[in-house]
Amino acid sequence: MITKRKGHLWLYAVLTVAVVAVIAPFVWMVLGSFKSEGELRQVPPTWLPESASLDNYRQLFSRLDFTTYFTNSIIVAVVVVAGNLLFCSMLGYALALLEFPGKRPLFAVVMATLMIPGVVTFVPLFVLVANAGLINSLPGLILPFLVTPFGVFLMRQFFLGLPRDLLDAGRVDGAGELRIFAQIFLPLAGPALATLGILTFLGSWNNFLWPLVVAQTEDHYTLPVALALYSVGQNSTQYGLLLAGSTVVLAPVLLVFLIFQRRFIEGIATTGIK
Amino acid sequence: MKRTSAIVVVTLTTTALALSSCGRDSGAATAATQGKTVSDGKATGSITVWAMGAEGEKLPELAKEFEAANPGVKVNVTAIPWDAAHDKFTTAITANQTPDVAMVGTTWMGEFAGLGALDATPPAIKKDAYFPGAWGTTEVGGTSYGVPWYVETRLVYYRTDLAEKAGITSPPTDWAGLKSMAKAMQDKAGAKWGIGLQAGGTGSWQSVMPFAWSNGAELTKDGGKAYNFNTPEMLEAVKYYQSYFTDGISDKAAPATPTTEPDFVSGKVPMFISGPWEMSAVEKVGGAGFKDKYGVMKMPVKKTSSSFVGGSDLAVFKNTKNRDSAWKFVEWLSKPDVQVKWYKLSTDLPSVKSAWDDPALQQDKKLAEFGKQLETAKAPPSFPTWEQVITSFDTEMEKVTKTGADPAAALKTVQSQAESIGTGQ
């Protein structure tokens, strides 16, 4: 009994250290966003702002057309998430449960694309999008990410874990293929869909390089691109602006995570076991 | 993660371009020193302009005046974050999605011109109007591909009040004087370190080269066709630079991102070498009245006084559909009075010499000092491989300053690496 409690104590001590190590930079970021540039560069650094002010935020919001960037980011993220949920689950389902010619090679192709790092295809992809005339447009920001090999793989693995009998039962009862997918299997895939949704949202929300390169006028910028505009200069960095900007980008992500926290953890646990 | 991917993208872009450019005519080497002429008359049509950071934010205001003077023209400025601007440019060049005019970092000129992306400067633009070091950044393989837009150079910052305490009444002018001043700051004015010098690492060449150039070093040889690191002048400068660390005047263990401003204000490190942006930075940290507690001085003389000239150039892309108007906009931005207006808007220092006669720039003594240094400041050669080669220099300098490695061996290593990489032209 005593040894067990001691073990717990150790566990909590280690966990506390880990949590502090993970959270401290974020706390410092949020606190730092209220400090003046002079205070941020002080040695030794301060934890709490000496005289908290909203100057950094005021500057950020007055210098940037925030509504536009926020709207762009949201549109892109929502469409990309929706596309991934739909297409990845469809393809994943087909690869897991349906029999059709060329299934194995198709899966091999998906796996192969999964293994090629995105940076390798970055420039060819850009040339492709440019030739399609989609530069500087929302479709140009969305289309390349509408379906990802990782999502397909994730969904396939999940569907493989579901009993095949459900499929046969559905067929015996005379349900159409689409109905079996949409009404029997999709509802069961909740945890996997939640995981895919959150990961895709995060990826899209934080994406920097692609929107930077594709958007050629400021009205097509997304949040991360816009926030990088004025904080990092050629020779100097305005840390106050940078921290305030990072806080603003982080807030919606935090919100999404808090709302879906339980599903997220469930999803990771389930997909991990299977 | 982001950085790594960015680097890979750049490498790939460059490779892709290098491969695809085999079929293109190698215009850079054979073209005349200046490009085609630009038509007379007013600018028309629309011009897209890319500019980074604060420049991109403030340029639209200035561009309105150009539009007013040229009623048929529309200037569309897009602001680009500095963070990954280089990737954006190289990708855009690959896919032929370049703007008409762009602000281009001085050290990128060689690369972009080497890719055949830039239009040669028309003859109406006269090189004598600009600071010679800054104009040099536009020249690639003997051809100019743009104009300097704004400039910056590096000076020695020092605390005037602490210098007085250390018994120094007039700023030193030579190498020995600078070193004894830094030493006196430590001995008599309570400074922990006499002068803050970058202990190697990324960008440290910008602190070392001002000394080397002041000693008459040249970074190219064979008529500007090859790198030239291993020279007696360079060696002497690197030895001098190293002596600050071996004599304990500068901090070997200085962090990569030094706390320059707070250390300067507290007097812990009362001297450092940097560019004009540090003026507002130290004054922000120092608060009211700090303005009168420090001064700037030109690089100390060995054979001459030289420094590093940086800043940004303006270039017109070959792909432009509105070439004449694009160049007219560039020419207009180079007018002395427009340059002064731009300084007032952005605090960017004018690249056009005559703009410095304006009282706005003459009244501020510190600024005027930068103006004087710009006359002799130099830029590195605009070889496409410069960024790659200089990384090896920065690494070797780290060994020299931190572990006391032999400067002669270090320069030999840099030279042999530079030769194996080649100039890329």
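Author: Axes here are lines fitted to C-alpha atoms, for helices over the stretch in contact, and angles run from 0 to 180 degrees between N-to-C directions. The model is a predicted one. In it, helix H3 (residues 53–69) of chain B packs against helix H14 (residues 336–346) of chain B at an angle of about 130 degrees, and the two axes are 10 Å apart.

Reader: Why are H3(B) and H14(B) called oblique to each other?

Author: Angles over 145 degrees count as roughly antiparallel and 65 to 115 as roughly perpendicular, while the rest, apart from those under 35, count as oblique. The angle for this pair is about 130 degrees, and H3(B) and H14(B) are therefore oblique. The crossing of H3(B) past H14(B) is right-handed.

Reader: Which residues make H3(B) and H14(B) meet, and what classes do they fall into?

Author: Two residues are in contact if their C-beta atoms, placed from the backbone, lie within 7 Å. From H3(B) come B:Ala54, B:Glu55, B:Lys58, B:Glu61 and B:Leu62, and they meet B:Lys341, B:Trp342, B:Leu345 and B:Ser346 of H14(B). By class, the residues of this contact comprise 4 nonpolar, 1 polar and 4 charged.

Reader: What makes chain B as compact as a globular protein of its length?

Author: Chain B contains 18 helices and 13 strands. Its radius of gyration is 22 Å, and the globule rule gives 22 Å for 425 residues, so chain B is as compact as a globular protein of that length. The C-alpha trace of chain B spans about 65 × 50 × 40 Å along its principal axes.

Reader: Which domains does the assignment give for chain B, and how do they touch?

Author: The domain assignment gives domain 1 (2–21 + 28–153 + 309–374) and domain 2 (155–308 + 383–421) of chain B. Their C-alpha centres lie 28 Å apart. Domain 1 of chain B brings 14 residues to the contact and domain 2 of chain B brings 15. On the side of domain 1 of chain B that touches domain 2 of chain B, H16(B) has the largest share, 5 residues. That side has 3 nonpolar, 6 polar and 5 charged residues.

Reader: How many residues of chain B are in contact with chain A, and which element gives the most?

Author: In chain B, 35 residues are in contact with 30 residues of chain A. Among the elements giving two or more residues to this side of chain B are H3 and helix H4 (85–94). H1(B) gives the most, with 8 residues. The side of chain B that touches chain A divides into 16 nonpolar, 11 polar and 8 charged residues.

Definitions and conventions. Residues numbered from 1 in each chain as written. Chains lettered and ligands numbered in written order. Predicted model: local features only at pLDDT ≥ 70, side-chain atom pairs only at ≥ 80, totals over all residues. Helix = DSSP H or I, 4+ residues; strand = E, 2+ residues; numbered from the N terminus. Left-handed = near helix turned anticlockwise from the far one by under 90°. Nonpolar A, V, L, I, M, F, W, Y, C, P; charged D, E, K, R; others polar. Domains from an automatic or database assignment. Rg over C-alpha atoms; globule rule 2.2 N^0.38 Å.
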